[in-house]
Amino acid sequence: MRIDVLTLFPEVCEPFFSASILGRARQAGHVSIACHNIRDYSKDPHQKVDDRPYGGGPGMVMTCPPIFDAVEAVEKLDRRDATRILLTPQGERLDQRLAKELSRRDRLLLIAGHYEGFDERIRLGLSPLELSIGDYVLSGGEAAALVLVDAVVRLLPGVLGDAESTTEESFSLSESGSPIRESDVETAGGACCLEYPQYTRPREFRGLEVPAVLINGDHGKIEAWRRAQAMERTKKRRPDLLSE
Ligand code: ADE
């Protein structure tokens, strides 16, 4: 997969893409990621990329020319068709099912904006998918682009090692980074359930003991306990995942 990110702050994005699992995925050739500064495509003498809104009102609006020029130039860098994605709080909400779907594409082109918003003709002319990472407003699309890239790249075949993607973990929405099995995603319409509680050494910490079932070595009982815990936790915290 190839991912291009158009941004005003490539220096913010690049270190994130070079660290940890994403960095390893790039080095191993599972994904190539390139950040491009939208300002480099501005023809303004001061490299401006925003302007005041027609009709008045507060804030500045990202202008069409540098974004269209950047999209067209960057798309030419590779023959594969790019899925264009505009990060905006007005977009469809990113979830695990969508991340999985995007992980099947050959190429993604992300556009991260700043200021009060985009000139509407960016939407009309480039017809991007519009994605939001949640119902809150960030000061720019970069953090959302990082979230999206992380969620997608870890689903690419070969990116997570065995230790990170064991089947025992994979039925849950895991904190530890395990994927949700596709079958679970399909049966549960997005995600099955939250992850069961995890423990590691020491066996007792400040009076809190590791549950005995995890220590007795009976794998059948451990599995049953984990499933029950995962279900209980999901019912309590995210009943919406079950009703879906
Ligand atoms: N840009 C600003 N807020 C955003 C959000 N919640 N999701 C995606 N892009 C954004």
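Author: R206 counts as exposed, at 74% relative accessibility. Here buried means under 20% relative accessible area, exposed over 50%, and partly exposed in between, with a 1.4 Å probe and protein chains only. The model is predicted: local features need pLDDT of at least 70, side-chain atom pairs count only at pLDDT 80 or more, and totals for chains, interfaces and linings use all residues. Residues are numbered from 1 along each chain as its sequence is written, and side-chain values use heavy atoms, with hydrogens and water left out.

Reader: How many helices and strands does the protein chain contain?

Author: The protein chain has 9 helices and 12 strands. Both are DSSP runs numbered from the N terminus: helices are H or I with at least four residues, strands E with at least two. Of the 244 residues in the chain, 44% are buried.

Reader: What value does phi take at R206, and where does R206 lie?

Author: Most residues other than glycine have a negative phi. R206, however, has a positive phi, near 50 degrees, and sits in the loop between β11 and β12 (208–209). S127 also has a positive phi, near 40 degrees; its place is the loop between α5 (120–126) and β8. S127 is exposed, with a relative accessible area of 58%. A further positive phi, near 50 degrees, belongs to S20, which follows α1.

Reader: Which peptide bond is cis?

Author: Most peptide bonds are trans. The bond joining R201 and P202 is cis, with omega about 5 degrees. P202 belongs to the loop between β10 (193–194) and β11 (204–205).

Reader: Which residues of helix α1 are buried, and why do they lie on the same side?

Author: An α-helix has 3.6 residues a turn, so residues three or four places apart point the same way. In α1, which spans residues 10–18, the buried residues are P10, C13 and F17. They lie on the same side of α1 because they cover an arc of only 70 degrees around the axis. That arc is taken over the directions from the helix axis to the C-beta atoms.

Reader: What share of the contacts in the chain joins residues 24 or more positions apart?

Author: Among contacts with a separation of 6 or more, such residues account for 71%.

Conventions:
Contact = heavy atoms within 4.5 Å.
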